[in-house]
Amino acid sequence: MTYKFNSNHSFHFDTEYAGLPIQNKGPFISEYLHRLHCTMNRALDHYREVFAFRFDLRLPANHSPHSSAYENELIDRFIESFKAKIKHNRQMARREKPYAHDSVVRYVWAKEVGHRGRPHYHLAVLLNKDAYRAIGTYEPGRDNMFNRLHEAWASALGLPVSAVSGLVHIPDNASYFLHRENQASCAAFFFRASYLCKAATKTFGHGGHGFGSSRI
């Protein structure tokens, strides 16, 4: 199979990266694996234990993206909205308990294009386990992670929350607890998240990006 990709990128064909196993979905893009690895390590350098989870974002059936630049803006708006919701939640937590734990939002995302040319997004988020440890279920009015994801996606799309029901997908076994001193826990998450770094179904050029990650 022939892949079109950015000339600044290189392919990775091995079954491991930095000593960690990766999925049999190659080839992968080495630079994406590097950024995933750095994101995970930054989280573990900051927090002894990390709560990480996978989810997907889909577009409404009647929603037609205007351009690749618009698609970049869409995922940026989602991330900024989600970060604002985490910040607000931590502020509310500290009102009740002055020593409630804070959390930096670290993330990796990948845009893929399906058979019909419609983009969708795969994401992994890493948070402080002392602050968060569950996704929860979608129940309107509840202050949980699942609702924050729906609210942030609705905000990014400019739609009411009710209109994005079913557009935030939580896959099976989506949650991971990483421990700084437990290599197996890190390897399990990295294996799962390596899917975001595969070359297949990525698109390049036209002002679009196929991958992004937090920088802190």
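Buried means under 20% relative accessible area, exposed means over 50%, and partly exposed lies in between (1.4 Å probe, protein chains only). By that rule Asn 89, at 10% relative accessibility, counts as buried. Asn 89 is found in helix α2; helices (H or I, at least four residues) and strands (E, at least two) are DSSP runs, numbered from the N terminus. Not counting residues up to four places away in sequence, Asn 89 touches Tyr 132, Asp 143 and Arg 148, where contact means heavy atoms within 4.5 Å.

A word on the model: it is predicted, so to speak of local features needs pLDDT of at least 70, side-chain atom pairs count only at pLDDT 80 or more, and totals for chains, interfaces and linings use all residues. Residues are numbered from 1 along each chain as its sequence is written, and side-chain values use heavy atoms, with hydrogens and water left out.

**The cores**

A nonpolar core is a set of buried Ala, Val, Leu, Ile, Met, Phe, Trp, Tyr and Cys residues joined through side-chain atoms within 4.5 Å. The largest one here has 34 residues, and Phe 53, Leu 57, Phe 78, Phe 82 and Trp 153 touch the most other members. At least two residues of this core come from each of β5 (49–57), α2 (68–96), β6 (106–113), β7 (119–128) and α3 (145–157). With eight residues, α3 gives the most. Beyond four places in sequence, Trp 153 touches Leu 57, Arg 58, Leu 59, Leu 74, Phe 78, Tyr 121, Val 164, Leu 167 and Val 168. Another core, of 29 residues, lies apart from the largest one and includes Tyr 32, Leu 36, Ala 124 and Ala 187.

Ile 135 sits in the loop between β7 and α3 and is buried, with a relative accessible area of 7%. Leaving aside neighbours within four places in sequence, Ile 135 is in contact with residues including Phe 51, Phe 53, Phe 146 and Ile 170.

**The cavity**

On a 1 Å grid over the protein atoms alone, a cavity is a set of points where a 1.4 Å probe fits but cannot get out, and lining residues have an atom within 4 Å of a point. Grid points are joined across faces, edges and corners, and a volume is the space filled by probe spheres set on the points. Searching the whole structure finds one cavity of 30 Å³ or more. Its lining is made up of Phe 78, Ile 79, Phe 82, Lys 83, Val 105, Tyr 107, Leu 123 and Val 125. Four of these residues come from α2, the largest share.

**The cysteines**

Cys 186 is buried at 4% relative accessibility, and Cys 197 is buried at 0%.

**Backbone details**

Most residues other than glycine have a negative phi, and most peptide bonds are trans. Here the peptide bond from Gly 26 to Pro 27 is cis, with omega near 5 degrees. Ala 18 has a positive phi of about 55 degrees and is exposed at 52% relative accessibility. Asn 173 has a positive phi of about 50 degrees and lies in the loop between β8 (168–169) and β9 (175–179).

Methods: On a 1 Å grid over the protein atoms alone, a cavity is a set of points where a 1.4 Å probe fits but cannot get out, and a pocket is an open set with protein on both sides within 12 Å along at least five of seven lines; lining residues have an atom within 4 Å of a point.
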